[in-house]
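Look over the sequence and structure first.

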Protein chains: 2
Amino acid sequence: MTNQAKLNLSPLAGMAEWLPSEQIEFEKFKNLIRETYALYGFSPIETPVLERQEILLAKAGGETEKQIYQFAKGDSLLAMRFDLTVPLARYVANYQNDLVFPFRRQAMERVYRGERAQRGRFREFYQADADIIGRETLDLRYDAEIISLIAATFGRLNLGAFLIRINNRKLVSGFLQAMKIMDAAEVLQILDKAEKIGEKKMRQELSLLRLDGLEIRKIMQFAQIRGDISSVVQALLRLDLANETFSQGIEELQTVAQILPSLGVPADSYTFDCSIIRGLDYYTGTIFETKIVDAPALGSVCSGGRYENLVGNFAKTKMPGVGMSIGLTRLFFQLKEMGWFDFTQKTISQIVVLPLTQNLAEVLKIAAQLRENDIATEVYLQEAGLKKKLKYANDLGILFALFVGDDELATQTVVLKNMLTGEQENLKLAQVINRFNA
Amino acid sequence: MTNQAKLNLSPLAGMAEWLPSEQIEFEKFKNLIRETYALYGFSPIETPVLERQEILLAKAGGETEKQIYQFAKGDSLLAMRFDLTVPLARYVANYQNDLVFPFRRQAMERVYRGERAQRGRFREFYQADADIIGRETLDLRYDAEIISLIAATFGRLNLGAFLIRINNRKLVSGFLQAMKIMDAAEVLQILDKAEKIGEKKMRQELSLLRLDGLEIRKIMQFAQIRGDISSVVQALLRLDLANETFSQGIEELQTVAQILPSLGVPADSYTFDCSIIRGLDYYTGTIFETKIVDAPALGSVCSGGRYENLVGNFAKTKMPGVGMSIGLTRLFFQLKEMGWFDFTQKTISQIVVLPLTQNLAEVLKIAAQLRENDIATEVYLQEAGLKKKLKYANDLGILFALFVGDDELATQTVVLKNMLTGEQENLKLAQVINRFNA
């Protein structure tokens, strides 16, 4: 037994790695999102995977901090980023004099969290973020724009009907203030998981806190407010709460709602929902989550919101922002598990050329012409019989093989074979090119 | 003085980070390479940044091993990949039953080396690799195909004339064997830096080794053999060496040379050059380097070659391969330093829309139509006067601004302003769309 037998060749637990056929679909996913973000004027920015520990720790906390991969190298204390937002904050603070505000950036990169390994949870995964950062101020309309970007992105991803559920943190905090709730943090936590645990369990958990029956009834009532903007606003006003923050929340929700239609967001793709909380983190205004209607088990596939100051700890200027994030690796994995993709093709090539002549030079010239016409082409160059060459094309799961033999060279034609139907056609090369570029 | 003043906001030493205008050019670079590789049928594969230490250490050695970022997390000993070839070897060995051979893959990802920090040297950098891996055998013609991919890629990158210098390791080792050179490793090292140190210094360094005058003369003669295939082969034969490996090297060089023209590689873009060594690493046959003719100081911008077995240590099956790699971050940095790029535009948007009316809804509909026609569009949504809005467009360095005021809404037109010339035109939206999609 040699050394090699002892090496574990699988990727580390929690690290996604795809076969060629899977990676091809994942790349389509990534490209589509990147292009949609670009269409809305979000320029790509990359930051290093490694940051100074002090930078990441300045913004992390609780569970996240424990999950950070950190180590020393030479004199430096290094850490791998756990999200794309903290590096964005550092970037914006560091280059603030070179950037144009409102600053629009997209990032599609991998982040690292040493979570407990679990099926469908990843320790290395892609996030696809889009954010708009203002200097001192950022108009509320940008909140609506980010929501419109979510709608555009999921429309193009073609995952069926989706629903963006919109809320505002000021409504939540204003509500808790106005009600003078003592266990506010605990109530928030229960609200945050309201959908998951259901109404009955929610009522039970609330009853364990320092709340009276009226308070519990009101909290339940608040958490159930959802629908179009006018019915939501009416329901909120019916709660009859005198609180400045609460009123501001209503106003902000209305402002955002007002311009969503002009931004082209389909009416059935969003709703307002007071049970949306987005954890206990840094959001301060508009918040949103997105679910795929036919796949509710996926949970929120895209979420985000408004934060009052991105660069707190990093710079003195106040920089409010609004952004969204898609957990891309997890989404792809889940869709894959659901059988969403057709993983037939194991190559990015559109045509595989199989030489059936000793005159390889002429065959290679044909391949060169296909590529010149933007048709992704590979040539099988091993010495082998027809059977082995055909097996190669079959194994690739490619739709088209192009045979070039001496007969074809003599008549200046090629044979295009549809590997799925078995149909073969004798064509001029120009005809093949036209067919692919039609 | 607060906490924030103490944080160092710049990226870690050796980690590239670009401003938006720079990143836009870098993305063009990356996309062009990715697309060219795809056109030649190289499918993208991603592997994790983190690998088991034992996997990386099984293939690293010497300097590289010292440079690896490695650490423990929980029970695992982790390391950040230092190249894309070792992860490829693990991938191919691990999934060998799911892959189709010859297996063609591209990868454009970041790798990590804790080198001494130095201007223009990076600790995190992109490599853009393309490799073809055979199972048991891989035809020599694939060596030529990889060379043709280099030519296609640098042709499209449009960096002016380039020269691919081709050699074969069998020539080098056959030569040293036939000459019965004692200090073969030292001679290799001197050959490897021959171009850098020049003829005189090379002769000096050789004279310090256990070599006689005739041997030194022959080594100098060998290192100076370059040119087209027939003159190189003639010169090699004139050395009059009886060595099997040497003869095989000549034969392989001829086979590769023979099909390069059919692959569409321009005759002036490659040459054969016996001074090309490619370090002391794992290459066993064809080797090549690429230089930009007008920028020799860049050194080799793309190199690679044939290796007899990719998966030694990892699998029992022999898997020969041939591949190439572009050190993308370094190349981009150097070209940037040379003033190669025009970094005017700080946004990926093609049009910035400036609303000059209170009827924002109509303006947003115009932006939505531009995007529907694949024109990357952003809208300035802050409350601000005309001057501030114009400043935004100017600061972005964008070529086109679109003004929409009440007059334009009344006449169903827009004003398209060329920000460079100052020229303004009153147009129908359809005319604007046609102009961009022409």
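Chain B puts 100 residues in contact with 100 residues of chain A. The model is predicted.

**Extent of the interface**
- The size of an interface is often given as the accessible area lost when the parts come together.
- Between chain B and chain A, the buried area is about 8,900 Å².
- Carbon and sulfur atoms give 58% of that area.

**Charged and polar links**
- The interface of chain B and chain A holds 12 salt bridges.
- In a salt bridge, Arg371(B) meets Glu145(A) through their side chains, at 3.5 Å from N to O.

**Chain B's side of the interface**
- Helix α1 (residues 20-39) of chain B gives the most to the side touching chain A, with eight residues.
- By class, the side of chain B that touches chain A has 54 nonpolar, 28 charged and 18 polar residues.

**Helix pair α8(B) and α9(B)**
- Helix α8 of chain B spans residues 194-207, and helix α9 of chain B spans residues 213-223.
- Their axes come within 10 Å and cross at roughly 140 degrees.
- The crossing of α8(B) with α9(B) is right-handed.
- From α8(B), the contact uses Glu199(B), Met202(B), Arg203(B), Leu206(B) and Ser207(B).
- From α9(B), Ile216(B), Ile219(B), Met220(B) and Ala223(B) meet them.
- The residues of this contact are six nonpolar, two charged and one polar.

Terms used. Residues are numbered from 1 along each chain as its sequence is written. Chains are lettered from A and ligands numbered from 1 in the order in which they are written. This is a predicted model: local features need pLDDT of at least 70, side-chain atom pairs count only at pLDDT 80 or more; totals for chains, interfaces and linings use all residues. Side-chain values use heavy atoms; hydrogens and water are left out. Contact means heavy atoms within 4.5 Å. Buried area is the accessible area (1.4 Å probe) that two parts lose on being put together, summed over both. A salt bridge is a side-chain nitrogen of Lys or Arg within 4 Å of a carboxyl oxygen of Asp or Glu. Helices (H or I, at least four residues) and strands (E, at least two) are DSSP runs, numbered from the N terminus. Ala, Val, Leu, Ile, Met, Phe, Trp, Tyr, Cys and Pro count as nonpolar, Asp, Glu, Lys and Arg as charged, and the others, Gly among them, as polar. Axes are lines fitted to C-alpha atoms, for helices over the stretch in contact, and angles run from 0 to 180 degrees between N-to-C directions. A crossing is left-handed if the near helix is turned anticlockwise from the far one by less than a right angle, and right-handed if clockwise.
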